[in-house]
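This report describes the protein shown below.

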Amino acid sequence: MARGRGRHDRDDGLFARLRRDPFAVQTVRSTAAATLSYVVALRLSSEPVPLTAPLTALLVVQVTLYSTLTTSLRRVNSVVVGVLIAIAFSVVVGLSWWSLALVILASLLVGRIVRVEEFIPEVAISAMLVLGVTQVSDTAWDRVLETLIGAVVGMLFNLFLAPPVWVDTAGDSIEDLARRMRLLLLDVADEFTGSPPVEQAAARLHEARRLDNDVADVDGALRTAEDSLRFNPRVKEGLLHRVVLRTGLDTLEICAVVLRVLARTLTDLAKHRAGHQLLPERAALAIRETAQYTADALVSFAVLVTARGSEGAEAAETRLAGELRAARACRDAAADRLLALALADPGSWQLYGALLAEVDRILDELDPEHRGRRLMEELDRRVREKHDRRRRLTLRDRWDTRRPTRADA
């Protein structure tokens with residue numbers, strides 16, 4: 001029985017992970033929409049195999065409702081234009097190498113004229129696919145009908161079965177990034193307690209540089225989450241959620257940059273000490289203790305940013321404030337010891353000062369008051385931009401209504 005429950009728990013965990021994976025959800029949604037459009041096309045089209053309908057549905061169904069509404073028209077336009085071009089060629093000529101070349105050339109040129117933007121290649125792709133199966137002129141209107149069926153089914157599929165909100169997935173990505181940064185900061189701090197060779201210190205620097213890739217991955221997940229909040233009737237205060245997540249990631253990105261600089265300071269100090277212990281025991285322990293509280297504060301900050309409920313946010317904010325106080329107290333103790341070391345070894349004062357400055361920068365970025373100011377500034381900026389867009393649209397509408405027509409003249 002215990003083994004059975006364990007397998008069931010693992011299955012539930014796998015299912016939960018798949019539900020939170022944008023690729024898995026998009027795969028299921030696209031498959032369902034394409035299949036449904038094919039079933040509808042079988043009933044409405046006279047073609048025995050109406051594959052244009054599921055093809056169009058695949059192009060229309062998107063990960064988020066916002067991307068669906070903003071790209072569906074261009075996608076449908078590109079598919080319809082490609083289908084019409086293929087139909088026109090199939091009426092006149094068959095499929096050959098020179099007719100295929102003309103279809104591709106015409107599709108790319110017409111796609112630019114009708115302004116389908118990034119979907120210009122899809123005009124040619126649709127034309128080629130349809131040209132391969134459209135050899136008889138009687139099937140022309142059936143192909144257009146199939147395209148419209150796929151487009152309508154795809155649009156309705158997204159409207160009535162709205163894509164998930166990917167805030168939790170983006171939040172998990174932000175927390176995972178903070179935990180990776182925490183582990184790296186602890187590893188860097190441990191190096192200060194010993195006498196690492198330059199190669200070992202440089203390896204920490206390379207790890208810190210790889211955080212740029214992690215930040216880019218999280219940024220992609222966050223963009224998907226931001227799009228899922230737009231135009232979504234199930235979400236209230238979508239702008240606030242987007243701004244909180246975005247400013248939180250910006251803060252962690254700054255901390256990642258500072259962490260990379262801290263790893264560079266470690267490498268420079270290892271070169272300066274040339275195999276000797278980097279710091280005396282008490283100073284090294286003070287630095288490590290400061291890093292431990294700072295590393296924990298990184299995770300608490302990420303939890304605070306991604307918290308959906310007030311209770312979780314208050315608990316994370318309280319924990320973050322306590323860790324920042326402890327980190328600053330340890331930082332002051334470390335500063336006193338590093339000052340004594342700098343007086344005894346003036347050649348190292350720049351490295352010791354840089355070490356303290358980098359710790360201070362991370363602590364300042366994680367400070368709740370600093371975060372609150374950045375959050376309010378970003379919200380004000382977004383609101384101003386929205387107001388300016390509305391004002392420009394209003395002024396343009398007024399100008400259009402006041403502009404004299406040819407009949408008035």
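Among contacts in the protein between residues at least 6 apart in sequence, 80% join residues at least 24 apart, where contact means heavy atoms within 4.5 Å. The protein is a predicted model, in which local features need pLDDT of at least 70 and side-chain atom pairs count only at pLDDT 80 or more, while totals for chains, interfaces and linings use all residues. Residues are numbered from 1 along each chain as its sequence is written, and side-chain values use heavy atoms, with hydrogens and water left out.

There are 15 helices and zero strands in the protein; helices (H or I, at least four residues) and strands (E, at least two) are DSSP runs, numbered from the N terminus. Of the 409 residues, 43% count as buried, a class that means under 20% relative accessible area, as against exposed at over 50% and partly exposed in between (1.4 Å probe, protein chains only).

**Confidence**

The mean pLDDT of the protein is 77, and 76% of the residues reach 70 or more; pLDDT is the predictor's confidence in each residue, from 0 to 100.

Axes are lines fitted to C-alpha atoms, for helices over the stretch in contact, and angles run from 0 to 180 degrees between N-to-C directions.

| Helix pair | Axis separation | Angle |
|---|---|---|
| α12 (residues 281-306) and α14 (residues 349-366) | within 10 Å | roughly 25 degrees |
| α13 (residues 310-344) and α14 | within 10 Å | roughly 170 degrees |
| α12 and α13 | 8 Å | about 160 degrees |

Angles under 35 degrees count as roughly parallel, over 145 as roughly antiparallel, 65 to 115 as roughly perpendicular and the rest as oblique. At roughly 25 degrees, α12 and α14 are therefore roughly parallel to each other. Their contact is made by I287, T290, T294, A297, L298 and F301 of α12, together with L355, V359, I362, L363 and L366 of α14. These residues divide into nine nonpolar, two polar and no charged; Ala, Val, Leu, Ile, Met, Phe, Trp, Tyr, Cys and Pro count as nonpolar, Asp, Glu, Lys and Arg as charged, and the others, Gly among them, as polar.

For α13 and α14, the angle of roughly 170 degrees makes the helices roughly antiparallel. Residues of α13 in this contact include R328 and R331, and those of α14 include D360 and D364. The contact holds 14 nonpolar, no polar and four charged residues.

The angle of about 160 degrees between α12 and α13 makes this pair roughly antiparallel as well. Their contact comprises 18 nonpolar, three polar and eight charged residues.

**Selected residues**

E289 is found in helix α12 and, at 36% relative accessibility, counts as partly exposed. E289 and A189 are 100 residues apart in sequence and 8.5 Å apart in space, C-alpha to C-alpha.

Is S173 buried or exposed? S173, which lies in helix α8 (residues 167-191), is buried, with a relative accessible area of 18%. Leaving aside neighbours within four places in sequence, S173 is in contact with V218 and A221.
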